[in-house]
Amino acid sequence: MAAEAVKPRTPVAMVTGGNSPLGRAVIARLLANGYAVAGIDDNPTDLLGGQHLVLVGDMGTEHDSRLAISQTINTFGRLDSAVLLADIGGSRALNVPGTVAEGEHLLARNLNSIALGIQAAVEGLSLDGHRSIVATASVAGLLADPGNWAYHASKIAMIDLVRSSALTYAARGIRVNNVASGLVRADDPNENPVAQTFGRDFSRRIPLCRLAEPAEIAEVIAFLISPAASYVTGTTLAVDGGLTASAGLVF
Ligand SMILES: NC(=O)c1ccc[n+]([C@@H]2O[C@H](COP(=O)([O-])OP(=O)(O)OC[C@H]3O[C@@H](n4cnc5c(N)ncnc54)[C@H](O)[C@@H]3O)[C@@H](O)[C@H]2O)c1
């Protein structure tokens, strides 16, 4: 898709995993907030119009991560923020043969996508911009469930990767944060099978009694990358309807 030229100070964001339900919500929120946006995914995307560039790439490789940043800058002239959503989910229980090898793949791919995304974005962030990066951990990085061990482990690691990156790049004025999203409602039966299968029962454990809307997570991500969050770095903000505040007892 050909992207239009932008005014010099239009803020520019790249969103990895842009073809996901949350990615689409984040892109829509940022476009509405006046950003030009590059959406990157390893699946061809059919996304929103406006100041929006669609790139196909694998953020788990150094080559594609760097290319995504340089193409964004070549198109829009600058880069202010990166939102790193790209990941793969779902791992089988440890008591299933072969699960460790599968988990190793998931762990490496999810961590590489974030680590390489941060590394590449840092080099591209404009010096006169608000220089911020947000990744998506999950309540799965704060609480565990049976079975899905490698996904949980990748999200826990992501929390520390974000802390460490925030410390590494603070002196350069770059903020790095994480959103730990609760389970997000999905309308499309092909999307978010966990929400489709377990959403109704799981909602009973959530103090706000429902799953998240994609737009509610996107709103917090948009805040965290914006200058309004200028003193926030190295944190993981739970956006989970109160799930992780609760010990589970009901009186
Ligand atoms: N949906 C939820 O309920 C939920 C809850 C908590 C956290 N999250 C997190 O939010 C983010 C988005 O979630 P979602 O459910 O909307 O996404 P999703 O899992 O439906 O889609 C992820 C997208 O990222 C792409 N992708 C994966 N690896 C990639 C790579 N290496 N390079 C480029 N693209 C890649 C996939 O093709 C896919 O389009 C994820 O990080 C997820 O862990 C989601």
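In the predicted model, the side chain of Lys 155 places an N or O atom 2.8 Å from an oxygen atom of the ligand. The protein buries 87% of the 830 Å² that the ligand exposes when taken alone. Two further polar side chains were found beside the ligand. An N or O atom in the side chain of Asp 42 is 2.6 Å from a ligand oxygen atom, and a polar side-chain atom of Ser 113 lies 3.1 Å from a ligand nitrogen atom.

The shell around the ligand consists of 27 residues, of which Asp 42, Met 59, Asp 87, Tyr 151 and Lys 155 are the closest. By residue class, the shell contains nine nonpolar, twelve polar and six charged residues. Three helices each contribute at least two residues to the shell, namely helix 1, helix 3 (99-124) and helix 4 (149-169).

Helix 1 (residues 21-32) is also part of a right-handed β-α-β unit, together with strand 1 and strand 2. Strand 1 (residues 12-16) and strand 2 (residues 36-41) are parallel and are paired over five bridges. Within this pairing, Val 15 has Gly 39 of strand 2 as its bridge partner. Strand 1 also runs parallel to strand 4 (residues 81-84), to which four bridges join it. Here Thr 16 stands opposite Leu 84 of strand 4.

Strand 1 is mostly covered, with five of its five residues buried. The cover extends to both faces of the strand. Val 12, Met 14 and Thr 16 are buried on one side, and Ala 13 and Val 15 are buried on the other.

Most residues other than glycine have a negative phi. Arg 131 has a positive phi, near 45°, and is not a glycine. Arg 131 is located in the loop between helix 3 and strand 5 (132-136). The relative accessible area of Arg 131 is 7%, and Arg 131 is therefore buried, the limit being under 20%.

A positive phi, of about 65°, also occurs at Cys 209, again not a glycine. Cys 209 belongs to the loop between helix 5 (193-203) and helix 6 (214-225). The relative accessibility of Cys 209 is 58%, so Cys 209 counts as exposed, for which the limit is over 50%.

How values were computed
Residues numbered from 1 in each chain as written. Predicted model: local features only at pLDDT ≥ 70, side-chain atom pairs only at ≥ 80, totals over all residues. Heavy atoms only, no water. Buried < 20%, exposed > 50% of the residue type's maximum accessible area, 1.4 Å probe, protein only. Pairing = 2+ DSSP bridges. Right-handed = clockwise from strand over helix to strand, strands pointing away. Near = heavy atom within 4 Å. Polar contact = N/O pair within 3.5 Å; in protein donor to acceptor, adjacent residues only side chain to side chain. Areas by Shrake-Rupley, 256 points an atom, 1.4 Å probe, with all protein chains shown as cover. Nonpolar A, V, L, I, M, F, W, Y, C, P; charged D, E, K, R; others polar.
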